[in-house]
Amino acid sequence: MKLGLLSAAMMFVASGAMAQHTHTLGSSSETGQSQFAAIAEIVTLLRDDPDTDWEQVDIKALRDHLVDMDNVTTKALVERSVDGLSVTFTVTGDDVVASSIRRMMLAHSPMLQGSSDWTVTAGEVEGGASMLVQVGSDEELNQVLGLGFFGLMTIGAHHQQHHLMIATGQSPH
């Protein structure tokens with residue numbers, strides 16, 4: 001039975017598999033830095049799929065997205081404010097980081113809302129973006145506060161599929 005590329009990707013990710021490599025005794029299985037490893041995983045999926053449309057493949061777009069992820073994770077400044085059962089995260093940085101923040105936060109907020117029972121809205125602010133998360137209970141509030149902005153950005157096991165869509169020229173949003 002032939003699987004579609006996205007089905008194969010989800011099975012690949014769910015199995016915990018990493019990019020396939022031929023190893024010799026004593027060789028390393030690590031693909032290196034995390035962005036390189038993410039690209040290697042997607043390249044392996046694309047090369048293993050005989051139906052890959054190579055004219056649509058855009059690994060540079062995936063690389064650009066991974067740079068955005070790195071900018072937000074390592075260079076952004078996050079301020080948090082709490083008002084009742086609502087938390088606002090204001091995320092800012094220099095001009096390059098602010099652009100990454102906007103792309104990441106505005107795209108991820110609907111995914112976060114779709115993966116939770118929370119109301120999530122985001123918008124641009126000077127130097128970046130803000131995200132308002134409204135929850136229904138103190139327990140959910142504690143979860144949001146415990147996860148913080150960076151933990152919230154990981155919710156929803158969509159990242160690998162999202163990366164595959166970017167690499168194959170599809171709009172993931």
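Among contacts in the protein between residues at least 6 apart in sequence, 62% join residues at least 24 apart. The model in which these contacts are found is a predicted one, and of its 173 residues 38% are buried. Six helices and four strands are present in the protein, and, read from the N terminus on, the elements follow the order α-α-α-β-β-α-β-β-α-α.

Two of the helix pairs share helix H3, and they can be taken in turn. In the pair of H2 with H3, helix H2 covers residues 34–48 and helix H3 covers residues 59–75, and the two pack with their axes 10 Å apart at an angle of about 150°. Because angles over 145 degrees count as roughly antiparallel, H2 is described as roughly antiparallel to H3. The handedness of the crossing of H2 and H3 is right-handed.

The H2 side of this contact is formed by Gln35, Ala38, Ile39, Ile42, Val43 and Leu46, which meet Ile59, Leu62, Arg63, Leu66, Val67 and Asp70 of H3. Sorted by class, the residues of the contact of H2 with H3 comprise nine that are nonpolar, one that is polar and two that are charged.

Gln35, which lies in helix H2, deserves a look of its own. Gln35 has a relative accessible area of 17%, and since buried means under 20%, Gln35 is counted as buried. The side chain of Gln35 also makes a polar contact, at 2.2 Å, with the side chain of Gln33.

The second pair joins H3 to helix H4, which spans residues 95–114; here the axes are 9 Å apart and the packing angle is about 110°. As angles of 65 to 115 degrees count as roughly perpendicular, H3 and H4 are therefore roughly perpendicular to each other. In this contact His65, Asp68, Met69, Asn71, Val72 and Lys75 of H3 meet Val96, Val97, Ser100, Ile101, Arg103 and Met104 of H4, and the residues of the contact of H3 with H4 divide by class into six nonpolar, three polar and three charged.

Taken together, H3 is roughly antiparallel to H2 and roughly perpendicular to H4.

Conventions. Residues are numbered from 1 along each chain as its sequence is written. This is a predicted model: local features need pLDDT of at least 70, side-chain atom pairs count only at pLDDT 80 or more; totals for chains, interfaces and linings use all residues. Side-chain values use heavy atoms; hydrogens and water are left out. Axes are lines fitted to C-alpha atoms, for helices over the stretch in contact, and angles run from 0 to 180 degrees between N-to-C directions. Angles under 35 degrees count as roughly parallel, over 145 as roughly antiparallel, 65 to 115 as roughly perpendicular and the rest as oblique. A crossing is left-handed if the near helix is turned anticlockwise from the far one by less than a right angle, and right-handed if clockwise. Contact means heavy atoms within 4.5 Å. Ala, Val, Leu, Ile, Met, Phe, Trp, Tyr, Cys and Pro count as nonpolar, Asp, Glu, Lys and Arg as charged, and the others, Gly among them, as polar. Buried means under 20% relative accessible area, exposed over 50%, partly exposed in between (1.4 Å probe, protein chains only). A polar contact is a pair of N or O atoms within 3.5 Å; within protein, one must be able to donate a hydrogen and the other to accept it, and residues adjacent in sequence count only if both atoms are side-chain atoms.
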